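Subject: Structure handover and notes

Hi,

Here is the structure I promised to pass on. Please open it alongside this email; my notes follow below.

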Amino acid sequence: MPDISLTVVVVLCLASLAAGWIDAVVGGGGLLLLPAMLLGLPAGTPAAYALGTNKAVAIVGTTGAAVTYARKAPVDVRLAVRIGLAALAGSTAGAFVAAGMSTDVLKPVVMVVLLGVGTFVMLRPAFGTAPSTEPVSARRVLAAIGLAGLGIGFYDGLIGPGTGTFLVLALTALLHFDLVTASATAKIVNCCTNAGALATFAWKGTVYWQLAALMAVFNLVGGTVGAHTALKRGSGFVRAVLLTVVFALVANLAYQQWIA
């Protein structure tokens with residue numbers, strides 16, 4: 001357990017609660033949780049400890065959300081696991097590449113993509129509001145495994161912010177899911193990528209397990225409540241949260257690139 005005050009612990013737990021809710025609804029909870037970790041841990045703490053502890057917290061909330069969705073939403077668990085295993089491989093490759101290059105050069109590209117995505121969703125009010133009645137072709141499944149699995153998994157290992165949001169968008173576009181089903185599927189995929197990342201950080205010994213266990217309780221509550229909220233409020237609500245998170249991601253990346 002790092003040497004931090006009770007006030008900071010409480011703030012981190014509340015951030016974990018809110019991040020779990022955001023992540024369960026549409027992804028992007030790391031936008032809140034990781035900066036809170038970086039600010040809350042003692043000065044001079046290596047960033048790897050914030051990243052490792054963040055993964056140990058996030059995997060609990062993600063798993064809780066995934067279980068909640070799987071029980072009440074029409075989720076193809078086998079398909080989600082196939083995409084998740086591809087994402088696990090992609091994130092591992094991305095992490096190896098990230099070790100030898102600066103990811104700052106990619107952030108402007110990601111911002112442009114996010115702005116394009118946000119504009120597309122705003123101009124297409126029907127996007128993700130209802131699932132397609134046509135069966136998903138084998139070609140689309142392979143595309144989802146390649147893009148949503150390997151591609152976005154690689155991005156997760158390389159940079160990371162907004163991975164869950166990208167997964168929701170890709171699954172909606174490629175497999176014609178509604179946004180609720182896409183969010184549910186994305187949680188199962190995220191479980192796979194988080195497990196791989198956590199194993200790496202645990203092997204390196206860069207996880208504050210006691211702090212993670214405490215924060216994970218709040219993240220689990222937030223994730224479970226978020227999944228119930230998305231299921232109850234439907235795709236229109238998820239769409240509104242999605243747009244909010246997309247533009248928050250753009251602002252966050254812009255701040256990191258040109259101000260911080």
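Start at tyrosine 155. Its relative accessibility is 12%, so tyrosine 155 counts as buried. Keep in mind throughout that this is a predicted model.

**The aromatic pair**

What does tyrosine 155 pair with? A search of the whole structure finds three aromatic pairs. In one of them, the ring centres of tyrosine 155 and phenylalanine 166 are 5.4 Å apart. The ring planes stand at 85°, which is over the 60 degrees needed, so this pair is edge-to-face. Tyrosine 155 sits in helix α6 (residues 138-158), and phenylalanine 166 sits in helix α7 (residues 163-175). The pair therefore ties together parts that are 11 residues apart in sequence. Phenylalanine 166 counts as buried too, because its relative accessibility is 15%, under the 20% cut-off.

**From α7 into α8**

Follow the chain out of α7. Histidine 176 lies in the loop between α7 and α8. Look at its backbone: phi is near 60°, a positive value in a residue other than glycine. Is histidine 176 buried or partly exposed? With a relative accessibility of 33%, histidine 176 counts as partly exposed.

Next comes helix α8 (residues 179-204), which packs on α7 at an angle of about 130°, with the axes 8 Å apart. The two helices are therefore oblique to each other. Their crossing is right-handed. On the α7 side, the contact is made by Thr163, Gly164, Leu167, Val168, Leu171 and Thr172. On the α8 side, the residues are Leu179, Ala182, Ser183, Thr185, Ala186, Val189 and Asn190. By class, that contact has seven nonpolar and six polar residues, and no charged ones.

**α3 against α8**

Helix α8 has another partner here. Helix α3 (residues 47-72) packs with α8 at an angle of about 145°, and the axes are 8 Å apart. This crossing is left-handed. From α3, the contact residues include Ala48, Leu51, Lys55, Ile59, Thr62, Ala66 and Tyr69. From α8, they include Val180, Ser183, Lys187, Ile188, Cys191, Leu198 and Phe201. The residues of this contact divide into 16 nonpolar, six polar and two charged.

Please look at lysine 187, which is found in helix α8. How accessible is lysine 187? Its relative accessible area is 1%, so lysine 187 is buried. Leaving out residues up to four places away in sequence, lysine 187 touches Asp23, Ala24, Gly27, Thr62, Ala65, Ala66 and Tyr69.

**α1 against α2**

The axes of helix α1 (residues 6-26) and helix α2 (residues 30-40) come within 8 Å and cross at roughly 165°. That angle is over 145 degrees, so α1 is roughly antiparallel to α2. The crossing of α1 and α2 is left-handed. Helix α1 contributes Val8, Leu12, Ala15, Ser16, Ala18, Ala19 and Ile22 to the contact. Helix α2 contributes Leu32, Leu33, Ala36, Met37 and Gly40. The contact of α1 with α2 has 10 nonpolar residues, two polar and no charged.

Last stop: glycine 234. It lies in the loop between α9 (209-233) and α10 (235-258). Glycine 234 counts as buried, because its relative accessibility is 18%. What does glycine 234 contact, leaving aside its neighbours within four places in sequence? Its contacts are Val180 and Thr229. The C-alpha atoms of glycine 234 and threonine 181 are separated by 9.8 Å, and these residues are 53 apart along the chain.

Serine 235 is found in helix α10. Serine 235 is buried as well, with a relative accessible area of 9%.

**Where to look**

Look at the edge-to-face pair of tyrosine 155 and phenylalanine 166. Then turn to lysine 187, buried at 1% relative accessible area. Finish with histidine 176 and its positive phi.

Best wishes

Conventions
Residues are numbered from 1 along each chain as its sequence is written. This is a predicted model: local features need pLDDT of at least 70, side-chain atom pairs count only at pLDDT 80 or more; totals for chains, interfaces and linings use all residues. Side-chain values use heavy atoms; hydrogens and water are left out. Axes are lines fitted to C-alpha atoms, for helices over the stretch in contact, and angles run from 0 to 180 degrees between N-to-C directions. Helices (H or I, at least four residues) and strands (E, at least two) are DSSP runs, numbered from the N terminus. Angles under 35 degrees count as roughly parallel, over 145 as roughly antiparallel, 65 to 115 as roughly perpendicular and the rest as oblique. A crossing is left-handed if the near helix is turned anticlockwise from the far one by less than a right angle, and right-handed if clockwise. Contact means heavy atoms within 4.5 Å. Ala, Val, Leu, Ile, Met, Phe, Trp, Tyr, Cys and Pro count as nonpolar, Asp, Glu, Lys and Arg as charged, and the others, Gly among them, as polar. Rings of Phe, Tyr and Trp (its six-membered ring) pair if their centres lie within 6.5 Å; planes under 30 degrees apart count as stacked, over 60 as edge-to-face and the rest as tilted. Buried means under 20% relative accessible area, exposed over 50%, partly exposed in between (1.4 Å probe, protein chains only).
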